[in-house]
Amino acid sequence: MKRTGIFYGSSTGMTEGVAHAIAQKLGVSSNNVHEAARLSQELVNEYDILILGSSTWGCGELQDDWYDAVKVLKNIDLSPKKIALFGCGDSESYPDTFCDAMGLLYEELKGTGCCFIGNHVDTDDYNFSSSVSVIDGEFIGLPLDEINESEKTEVRIENWIKNLPI
């Protein structure tokens, strides 16, 4: 089995909780779930698959820990890596920037040679007006709304995981 590491940026704990829920569903040990602030080249090199998650802040911004973490990732040869993205957003209060952070991670990493997986999530089950994480009519990772639709999170994670080539 390929080694999977999950990295998250979480200010309120919601994205951290989702990271651990994803790990549990995948059978990934909690030892392989890390804060984005701790991301290093050495840690990334331990994994074949990286699952990266961020909450969206302000007017569609990355969670703060990701700014330095992205710099680290962009200085690593990611061509042998598979990367899956997930994001947390608030579709009622911020429908025009819903889960934008996930799209920002994608934009930052798409030129690194990595292979994105889990990047075809249908938008039909979501209520939002705009998101940079939608490309060609699909989300480029798993969007979650723990504030307004937490009752859908478990099923959304399960459905997403079924389509991950892990």
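**Helix α4**

I started with the buried residues of α4, and they are D100, A101, M102, G103, L105, Y106 and L109. For my notes, buried means under 20% relative accessible area, exposed means over 50%, and partly exposed is in between (1.4 Å probe, protein chains only). Helices here are DSSP runs of H or I with at least four residues, strands are runs of E with at least two, and both are numbered from the N terminus.

The model is predicted, so I noted its limits: local features need pLDDT of at least 70, side-chain atom pairs count only at pLDDT 80 or more, and totals for chains, interfaces and linings use all residues. Residues are numbered from 1 along each chain as its sequence is written, and side-chain values use heavy atoms, with hydrogens and water left out.

Why do I call α4 largely enclosed by the rest of the structure? Because 7 of its 10 residues are buried.

D100 sits in this helix, which covers residues 100-109. I looked for a partner for D100 and found no salt bridge, although D100 is buried. A salt bridge, I wrote down, is a side-chain nitrogen of Lys or Arg within 4 Å of a carboxyl oxygen of Asp or Glu. As for charge, Lys and Arg count as positive and Asp and Glu as negative, while His and the chain ends are not counted.

What does D100 touch, then, once residues up to four places away in sequence are set aside? I listed T56, G60, S131, V132 and S133. Contact means heavy atoms within 4.5 Å.

**Salt bridges**

I looked up the total next, and the structure holds 10 salt bridges. I followed up some of them.

R3 pairs with E46, and their closest N and O atoms are 3.7 Å apart. This pair links distant parts of the chain: R3 is in the segment before β1 (4-9), E46 is in the loop between α2 (41-44) and β3 (49-57), and they are 43 residues apart. R3 counts as partly exposed at 38% relative accessibility, and E46 is partly exposed too, with a relative accessible area of 41%.

K25 and E158 were my next pair, with side chains meeting at 2.8 Å, N to O. K25 lies in helix α1 (residues 14-26) and E158 in helix α5 (residues 153-162), so the bridge ties together parts that are 133 residues apart in sequence. K25 is partly exposed at 37% relative accessibility, and E158 is partly exposed at 32%.

Then I checked D125 and R156, which form a salt bridge at 3.1 Å, N to O. D125 lies in the loop between β7 (121-122) and β8 (134-135) and R156 is in helix α5, so this pair ties together parts 31 residues apart in sequence. Which are they, buried or exposed? D125 counts as partly exposed at 41% relative accessibility, whereas R156 is buried at 7%. I also saw that D125, E149, K152 and R156 are linked in a network of salt bridges.

I went back to R3 for its surroundings. Leaving out residues up to four places away in sequence, R3 touches N32, E46, Y47, D48 and I49. The C-alpha atoms of R3 and I49 are separated by 6.3 Å, and the two residues are 46 apart along the chain.

T15 is in helix α1. T15 is buried, with a relative accessible area of 1%. Beyond its neighbours within four places in sequence, I found T15 in contact with Y8, G9, S10, G53, S54, S55, F86 and C88.

**The whole protein**

I zoomed out last. There are 5 helices and 10 strands. Buried residues make up 51% of the 166 residues. The C-alpha atoms fill a box of roughly 40 × 30 × 30 Å along the principal axes.

Among contacts between residues at least 6 apart in sequence, 74% join residues at least 24 apart.
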